[in-house]
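Please examine the sequence and the model shown below. The paragraphs that follow lead through selected parts of the structure.

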Amino acid sequence: MQADIVLRNGPIWCGRQEGVVEALAIWQGRVLAAGADREVSTLVGPSTRIIDLDGRLATPGLNDSHLHLISLGLMMDWVDAKPTTVSTLDGLLSSIRERASRSRPGEWILARGYDQTKLDVQRHPHRSELDRAAPDNPVMLVRTCGHVSICNSRALQLAGIDESSASPPGGLIEQQNGRLTGLLAENARAPVWAVIPSPDEEQLVAAIERGGRHLLSYGITSCMDAAVGQRGGFGEISAYHRAKREGRLPVRTWLTLLGDPDRSIVPQCYEAGLITGTGDDMLMIGAVKLFLDGSAGGRTAWMSRPYLGEDRTTGVQMMPDETVNELVMDAHVKGYQLACHAIGDAAIEQLIAAYERALEAHPDPDRRHRIEHSGFSTPEQHARMVAAGIYPCPQQVFIYDFGDAYISVLGEERALGSYPFKTWMDLGLKPATGSDAPVCEPNPFPNFYAMLTRKTWKGTLMDVSERVSIEEALQAYTEFGAFSQKLEHVKGRLVPGQLADVAVFSRNLLTASADDILDNTRCDLTIRGGAIVHDRHGVA
Ligand SMILES: [Zn+2]
């Protein structure tokens, strides 16, 4: 037997238990052997392709266990207003003007990523400025956090928002001197979203392809789309299948179905026989998702105690207990794994209770219901999660991106220990990690950095006792990602028989400093199922 590909001459990290080997052989899309160079070299034949790692580190392909692939792909086509791309208001406005010049009159112009604290003018852009940049097009400019948007006059008009519109509960329509500024926050943005045309199937497929290729460039070979149906309803299921058929699905994708009342695609999926585990290595039906609360930084995650501030808010409870219990039970009985959004301790409490009820009535010890984010879970809740087999699926990059925001809305005592990664690891709760892209960048390096240092981008330290080692961080990004999808016997480690998904990094993560991982590391090569799907230097 001869291997299709052999990687050698660099450390190959095969898994937390497996450790590092010298060489890896791939055959027919799977790992054939991993071990000492002299053993693996017996599998080299005349047609074997040798990849010289030249001292670089190879690991199992990364698994981003919670992101929104279609939204990521759609937004990659938006005007890029990130501070790293445009640092001045003038620059931002000229990007919008440039896009308007290439658009039909009336076509929506969508932009994303500005942060007023990093703009030269140190304030939000104003409606009138967007009007001047794009007089013939509706414009929506979304802040980096995703919770605040600036609209121009045309966009507000189409959404039916004017000076007489009152801010809705849980939202803000900002006015200054009796005039709209264009700034809309949280729930006030819904009328704008409602008038932005939904993407058609070709646009959805293009988004899947664009977003997926971006993930491959980071060494991410698997992901979970965390709310299929959010933008295109059941049509997203068709779009994913078409993308796969046409060779335009770059990453292995586990589809979590939106199950919220009013927008649920679960009835249609169930009718079509699409239940957790249906599909194959590239595209598989995953869990059912309900949203139980909002975000901590936006003060909408549902907490048992009030946030800081005069209003004494405890956040947003999306659904009464009975509704959550009913929806969880229904999906559980139908055979679905669940992966519900719960960040505040009160939302987590509501969710654990619903999972416990369902598991009690219809026991299935290995169903692995998930708590997405799980940022503010308590020790008492952890004990119940361990007992019932319920798993947290956090995004440690939130510590890096939002840690300071958590402190400002909750105070240090409650914020510093959020997303207690080491605690979960030690309890055997096998936390995966992910980016929630496009909420955060899918770039894995800030995610690694946060796991290793518990530092925010500003340098604030968030409870160092929750730091983990690089081996633990890699395990979360690979094996535990697979575990969260019940696929740990299929992928996530480089052992014979598992899928040959490999990432090669420019720097040895096992020995590099956390700062070098954050700032000076790239993914050089990505292999998915034995095929080279990203090659930064084009030399493999
Ligand atoms: Zn999400």
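Which residue takes a positive phi just after α12? Gly389 does so, with a phi of about 75°. The model is predicted: local features need pLDDT of at least 70 and side-chain atom pairs count only at pLDDT 80 or more, while totals for chains, interfaces and linings use all residues. Residues are numbered from 1 along each chain as its sequence is written, and side-chain values use heavy atoms, with hydrogens and water left out.

Helix α12 covers residues 379-388; helices (H or I, at least four residues) and strands (E, at least two) are DSSP runs numbered from the N terminus. Gln381, His382, Arg384 and Met385 of this helix are buried, buried meaning under 20% relative accessible area and exposed over 50%, with partly exposed in between (1.4 Å probe, protein chains only). Seen down the axis of α12, these buried residues fall within an arc of 165°, so they line one face of the helix; the arc is that of the directions from the helix axis to the C-beta atoms. They pack against α11 (345-361), β17 (370-373), β18 (391-393) and α15 (421-426), where contact means heavy atoms within 4.5 Å. Pro379 and Ala387 are exposed on the face turned away from the buried side.

The zinc ion has as protein donors His66 (NE2), His68 (NE2) and Asp436 (OD), at 2.1 to 2.2 Å. Donors are N, O and S atoms within 2.8 Å of the metal (3.2 Å for Na, K and Ca); water is not among the atoms, so sites may look incomplete. Both His66 and His68 are buried.
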